Amino acid sequence: MGFAPSTMQLTSSASAPLGEHRCTHPIEGGEMTQIRDVMTSNPKTCSSNASITEAAKAMSKQDVGPIPVVDGDRLVGLLTDRDIVVRVVAEGRDPQSTTVGEVASTDLATVSQEANLNRALQLLAGRQVRRLPVVEGEKLVGIVAQADVARHGEDAQTGQVVEQISKDS
């Protein structure tokens, strides 16, 4: 599945409030937006030894659906609210004694912060996921969500990705 190259570039604006960006069309041959420009840096994480209860409390406090699982700085998995429902609650497991490492997803698609939005779009659609951990080697440096890409990508591309993610596998 191919996506047309994006023609949007994220740039900082002196007139925009701190932390906000505006999108502009680059001149011919301009660079595309990189993941580092749209990702959430330093997301809240949990250890694979943490209990599901501890992880769920952290997810609730941060108001997030996934939480990256790390061993030191190294990304080892991703725990989602769906993982908790399907692999703990539905199976009648005890969330106090079940560890994050026992139920977190470990077959992850990741992206480099140097990658452009097209790479993230391909991974999101191809893996039918809504979030991608951003890594430098094995070290977690951020997370990029479908919504981040939607805010900064082209409408047609974003629509294709949302459609692909939502398809039954």
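What is the average pLDDT of the protein chain, and what share of the residues score at least 70? The chain averages 79, and 72% of the residues reach at least 70, where pLDDT is the predictor's confidence in each residue, from 0 to 100. Over residues 1–30 the pLDDT is below 50, yet this stretch has 53 contacts in the model beyond near neighbours in sequence (contact means heavy atoms within 4.5 Å). This is a predicted model, in which local features need pLDDT of at least 70 and side-chain atom pairs count only at pLDDT 80 or more, while totals for chains, interfaces and linings use all residues. Residues are numbered from 1 along each chain as its sequence is written, and side-chain values use heavy atoms, with hydrogens and water left out.

**Positive phi**

- Most residues other than glycine have a negative phi.
- Aspartate 63 is not a glycine, but has a positive phi of about 55°.
- Aspartate 63 sits in the loop between helix 1 (52–62) and strand 5 (helices, H or I with at least four residues, and strands, E with at least two, are DSSP runs numbered from the N terminus).
- With a relative accessible area of 72%, aspartate 63 is exposed (buried means under 20% relative accessible area, exposed over 50%, partly exposed in between, with a 1.4 Å probe and protein chains only).
- Glutamine 128, also not a glycine, has a positive phi of about 55°.
- The loop between helix 4 (117–127) and strand 8 (131–136) holds glutamine 128.
- Glutamine 128 is partly exposed, at 24% relative accessibility.
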